[in-house]
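Please find below a short note for a colleague who is meeting this structure for the first time. The points move from the whole chain to a single residue.

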Amino acid sequence: MPTCKECNDEVDALVTVKVDGKAKKLCEDCADRAREAAEIAEASESSRG
Ligand SMILES: [Zn+2]
């Protein structure tokens with residue numbers, strides 16, 4: 001079973017999510033959170049200026 005590198009839980013399947021231009025393999029829960037965090041970071045970047 002693969003292990004999520006974020007929460008160290010063993011999961012059925014890992015999801016590949018792009019964070020800071022790097023592909024990360026996370027469980028679905030962590031992938032969702034990482035995606036949200038990335039969107040917030042992008043939004044704050046683009047609203048600057
Ligand atoms: Zn996880």
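1. Which pattern does the chain follow, read along the sequence? The pattern is β-β-α, and the chain has one helix and two strands. Here helices (H or I, at least four residues) and strands (E, at least two) are DSSP runs, numbered from the N terminus.

2. The model is predicted: local features need pLDDT of at least 70, side-chain atom pairs count only at pLDDT 80 or more, and totals for chains, interfaces and linings use all residues. Residues are numbered from 1 along each chain as its sequence is written.

3. Along the principal axes, the C-alpha atoms of the chain fill a box of roughly 45 × 15 × 10 Å. Of the 49 residues in the chain, 6% are buried. A residue is buried if 20 or more other C-beta atoms, placed from the backbone, lie within 10 Å of its own, exposed if 12 or fewer, and partly exposed in between.

4. Strand 1 pairs with strand 2 (residues 22–26) in the antiparallel sense over five bridges; pairing requires that DSSP finds at least two bridges between the strands. Val15 stands opposite Leu26 in strand 2. The hairpin of these strands has two residues between them, and Asp20 takes a positive phi near 55°.

5. Thr16 lies in strand 1 (residues 15–19). Why does Thr16 count as exposed? Thr16 is exposed because it has 9 C-beta neighbours inside 10 Å. Thr16 touches Ala23 and Lys25, leaving aside residues up to four places away in sequence; contact means that C-beta atoms, placed from the backbone, lie within 7 Å.

Notes. Two residues are in contact if their C-beta atoms, placed from the backbone, lie within 7 Å.
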